[in-house]
Amino acid sequence: MADTAPDPARRTKMKRLATGLSVLLLSGCAGSAPRPVSAPATMATAQDAADVIYFGGDVVTVNDAQPTAEAVAIKDGRILAVGRLEDLVARAQGAGTQLIDMAGTTMLPGFIDPHSHFLNAMTMEDQANITAPPVGPASTAAEIVAELQHFAKAKSKAPGDLVMGYGYDENLLPGDHPLTRDDLDPAFPDTPVVVVHVSTHGAVLNSAALKKFGISAATPTPPGGIIARRPGTREPTGLLMETAWISLHEQMPAASQEQEPRQLRYAQDLYAAAGVTTAQDGASMAAQVEVLKRAADRGELFIDIISYPFIGELEKVLQAHPARTFGHYDKRFKLGGCKIMADGSPQGRTAYFTTPYLTGGPGGETDWKGEPTFPRDILDGMFRTCYDRGLQVIAHANGDAAIDTVLGAHAAATAGTAPRDRRTVVIHSQFVRRDQLQQYVDHQLIPSFYTEHTFFFGQAHIKNRGIAQASFISPMKTAIAMGLKPTNHTDFSVAPIDQMMVVWTAVNRRLRSGDTLGPDERISPLDALKAITLHAAYAYFEEAEKGSIEPGKLADLVILDGNPLTVDPGAIKDIKVVETIKEGRTIYRAAYDRSSGVASPEGG
């Protein structure tokens, strides 16, 4: 797309028009003081008038029929009109209309989170950040332990209280020596410690935590799970992955109902500060569904949240929320469908492949291809359970063997049934093959890619899978060329909620080293934006309401301090959110220096 900014003469004309308007000119994003101006000749009636008209910046509509605009008018939480400033003023300015000069910033549709784990954000305030730079401070086992100690002291953890950390990635520790209980025990001999793997598919426990949760040499490894053992023995090293870790989820401490409002506000603020107006909780347990339902009933949700209950919890959820209630918002909360797991994590070496890992398994396994989370016949039954109830499926599959099982389960569950617009999403689709992408087209499946892996885990994928296969992870360009509508997600809390980082990785595909992984799969900034706006709305059956700046759609908007379509592609990740607007109401605003064009977090 060409430069979206009006030419200088046109911008000057817009500014002159603005000084002739009758309302107070408010620079909501820039923080300048209101100034009175003269009245125009005519005004719209109160019934037809906009509540607010935004102008004075770039408007990227993500609508191919009208890619750019000078101004956007909003009324009653919806977009009233999009176009030239003169036209909107003539049509929609009334006595109570507010004009907001965007002061050269850029407006886009509010970002739609295609896949993350919203409820994880509620608990992160009570967990230590032990991720590696640039996300966190811990590059070695010693630094992980130091951060855990600092956190425990800062939070006044009493002896015996559980201490948790998030973001552990063994691939980034020096010398390829993974974290074990032996690293944690000296600092925490009696305090249980759980260090959650960056994939969220596992954790490292110290001896006190292993004892607390009943894990010992006598504990059998569950199907689809991993309990790493000391060589030559059955003694656990502390690492639990997949089903061995999932079994501990319900034993983790939960917030009290009195704590829920504060934690929900904290979580929503994280998303709103990233420009996200619609978020996903992509594997809700039954109790977690009720947390969100209570918040909705209390009127505490100020972003839309879509929950996909984990398939193992579906029957419990359906007892309280029949299938007919899915797919509809109630006070900003919607049950979207079912979440099914087909395999694990490629960076954790639990994703399921047709060929062996070059580095073996996480527990020292040889000729290791990973394992499916569930046997094929059970997976088939899970798909049928959801489809028979008319529920959408989002299926986690990373390795190509896991994607084969998902494709087979979908085909088996739909065989002999009437065609239906199911919009089944294959979450991650990281190591999808070209022939599998064609099956996505044939079955009308939606890939939700994860291009942030190029930066955060690309070098681990090269080591584990080889350069050829690693270069084709999240093949956005190929998928788009085949006519698919891929989305692109953070999988928060695996990666931070940072939508400009998502766009940057899709456009540049850079490794931590600065090299490019799979340059042929780089896409344009506009296509990268569609993956977190219009395509994401489509994946939720919400394309008529969200995803682009068009008349009639919800006024879910984000204002940035730079234009992703016109800045240097390498600078996209440095663009900051200035303001986030949900249905016409500001839910986040950063401090913004008009002279320097720099935004800094302030909350809102």
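## Basis of the Description

Helices (H or I, at least four residues) and strands (E, at least two) are DSSP runs, numbered from the N terminus. Under this definition, residues 458-465 form helix α15, and Asn464 has its place there.

The structure is a predicted model, in which local features need pLDDT of at least 70 and side-chain atom pairs count only at pLDDT 80 or more, while totals for chains, interfaces and linings use all residues. Residues are numbered from 1 along each chain as its sequence is written, and side-chain values use heavy atoms, with hydrogens and water left out.

## Overall Composition

The protein has 20 helices and 27 strands. Of its 604 residues, 57% are buried; buried means under 20% relative accessible area, exposed over 50%, and partly exposed in between (1.4 Å probe, protein chains only). The protein exposes about 22,900 Å², and carbon and sulfur atoms supply 52% of this area. Accessible areas come from the Shrake-Rupley method with a 1.4 Å probe, and for residues only the protein chains shown count as cover.

Contact means heavy atoms within 4.5 Å. Among the contacts in the protein with a separation of 6 or more, 70% are between residues 24 or more positions apart.

Two strands pair if DSSP finds at least two bridges between them. On this basis, four strands with parallel pairing make up an open sheet in the order β8-β15-β16-β17. The edges are taken by β8 (111-112) and β17 (333-335), each of which has a single partner strand, so one side of each is left without a neighbour in the sheet.

The pairing of β8 with strand β15 (residues 276-284) is in the parallel sense and rests on two bridges. Ile112 has Thr278 as its bridge partner in β15.

## The Enclosed Strand β14

Strand β14 (residues 236-242) has seven of its seven residues buried, so it is largely enclosed by the rest of the structure. Strand β12 (residues 202-205) runs antiparallel to β14 and is joined to it by three bridges; here Ala203 stands opposite Leu240.

Strand β13 (residues 225-229) is likewise antiparallel to β14, with four bridges between the two. Met241 in β14 is the bridge partner of Ile226. The hairpin of β13 and β14 has six residues between the strands, and Gly232 takes a positive phi near 80° in this hairpin.

## The Disulfide

A search of the whole structure finds one disulfide, a disulfide being a pair of cysteine sulfur atoms within 2.5 Å. The link is formed by Cys338 and Cys386, whose sulfur atoms are 2.3 Å apart. Cys338 lies in strand β18 and Cys386 in helix α11, so the pair ties together parts that are 48 residues apart in sequence.

The link of Cys338 and Cys386 is left-handed, with -125° about the S-S bond. Cys338 is buried at 0% relative accessibility, and Cys386 is also buried, with a relative accessible area of 0%.

## The Surroundings of Asn464

Asn464 is buried, with a relative accessible area of 2%. Leaving aside neighbours within four places in sequence, Asn464 is in contact with Asn171, Pro346, Arg349, Tyr357, Leu358 and Thr359.

## Backbone Features in Loops

One joins Pro133 and Pro134, with omega about 10°; Pro134 lies in the loop between β9 (128-129) and α4 (141-154). Another joins Phe492 and Ser493, with omega about 20°, and Ser493 is found in the loop between β22 (487-488) and α18 (499-508).

Positive phi values also occur in residues other than glycine. Asp367 has phi near 50° and is placed in the loop between β18 (337-341) and α11 (376-388). Asp367 is exposed, with a relative accessible area of 63%. Ser429 has phi near 45° and belongs to the loop between β20 (425-428) and α13 (434-443). In contrast to the exposed Asp367, Ser429 is buried, at 0% relative accessibility.
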